[in-house]
Protein chains: 2
Amino acid sequence: MQSSVDISNAEFEVLDVLWKKHPATANEIIERLNLKKQWHDKTVKTLLNRLVKKEAIGFEKEKRCYLYHPIVEREAYTQSESQSLIERMFSGRVSPLIAGFAKHKNLEKDDIDELKQIISAWEQENQEKEND
Amino acid sequence: MQSSVDISNAEFEVLDVLWKKHPATANEIIERLNLKKQWHDKTVKTLLNRLVKKEAIGFEKEKRCYLYHPIVEREAYTQSESQSLIERMFSGRVSPLIAGFAKHKNLEKDDIDELKQIISAWEQENQEKEND
DNA sequence: TACTTGTGATTACGCTTGTAATCGATTTGT
DNA sequence: ACAAATCGATTACAAGCGTAATCACAAGTA
């Protein structure tokens with residue numbers, strides 16, 4: 001159920017810096033990306049173009065440069081991606097994933113605390129419905 | 001850290017039926033896959049070949065047919081995939097993923113129960129000196 | 001005005017993927 | 001023994017991807 005567009009890994013990186021701060025010119029994006037990846041600016045521009053073509057991002061012309069902005073929302077995208085991974089590998093259940101993390105010692109106290117919080121929020125919301 | 005091989009989506013489906021029961025001949029695999037996907041048998045054989053080439057699966061010759069078996073383990077693979085997704089989209093933390101699921105009403109009571117179980121197991125294993 | 005420079009657009013190219021068809025060897029039916 | 005059926009191996013081929021280089025045009029500069 002790929003609601004949004006199909007975005008490649010490299011494209012995702014570009015989108016990601018755009019999500020963090022937008023609108024942004026190609027050069028800003030290139031510069032910010034450069035902190036993590038060493039991509040040629042031509043490469044980044046190709047990726048921007050592809051994202052525009054896929055309508056994952058848009059732009060307005062600011063004189064000579066473009067000001068890019070995301071169209072696809074980060075949360076929608078990450079949600080759909082994680083959903084699809086979890087469906088494919090864990091029959092749609094989240095717990096096996098978490099269990100795997102636990103087993104491989106990739107869970108820290110912070111994670112546990114956050115999970116607890118999510119759980120109690122869920123329970124509260126669930127209870128509210130019943131009380132209603 | 002892509003520890004194991006790079007396996008494509010289609011290849012994963014093939015591997016998945018093999019993980020469920022192995023060893024298995026190409027025909028068994030094709031037949032079992034056919035329940036979910038309508039792939040041409042030639043297609044499945046191509047995928048089997050690619051998986052062999054990638055050393056994700058192996059085989060022994062049983063007369064005329066091959067008996068395939070997984071080399072990559074399911075858990076190792078799913079672990080590495082989910083790890084990498086969570087790293088890319090959630091800075092390596094699992095809770096935002098779960099939070100997303102909660103927000104989109106994709107968490108059910110069963111999941112919550114399982115999560116609780118994982119949490120208490122984790123807590124037990126990581127016995128903290130300050131047990132309240 | 002003519003030239004250089006900076007921008008996005010277009011083109012490039014080898015690799016992987018999805019999706020098969022064909023080939024060559026071997027087994028099996030007659 | 002010879003033809004037919006059946007395997008895995010090889011080849012095919014378009015689309016997407018990673019990674020750029022080149023093109024065409026507008027804007028600033030001499």
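In α1(A), the buried residues are A:V14, A:L15, A:V17 and A:L18 (buried: 20 or more other C-beta atoms within 10 Å of a residue's own, with C-beta atoms placed from the backbone; exposed: 12 or fewer). They lie on the same side of α1(A), because their arc around the axis is only 160° (the arc of the directions from the helix axis to the C-beta atoms). A:N9 and A:K20 are exposed on the other side of α1(A). The cover over the buried residues includes α2 (26–33), α3, β1 (57–62) and β2 (65–70) of chain A. Helices (H or I, at least four residues) and strands (E, at least two) are DSSP runs, numbered from the N terminus.

The model is predicted: local features need pLDDT of at least 70, side-chain atom pairs count only at pLDDT 80 or more, and totals for chains, interfaces and linings use all residues. Residues are numbered from 1 along each chain as its sequence is written, while chains are lettered from A and ligands numbered from 1 in the order in which they are written.

Chain A and chain B each bring 30 residues to their contact (C-beta atoms, placed from the backbone, within 7 Å). On the side of chain A that touches chain B, α4 (74–90), α5 (95–103) and α6 (109–131) of chain A each supply at least two residues. α4(A) gives the most, with nine residues.

Around DNA strand D there are 21 residues (near: C-beta atom, placed from the backbone, within 6 Å). A:S8, A:A10, A:H40, A:T46 and B:A26 come nearest. α3(A) provides the largest share of this surface, four residues.

How values were computed. Two residues are in contact if their C-beta atoms, placed from the backbone, lie within 7 Å.
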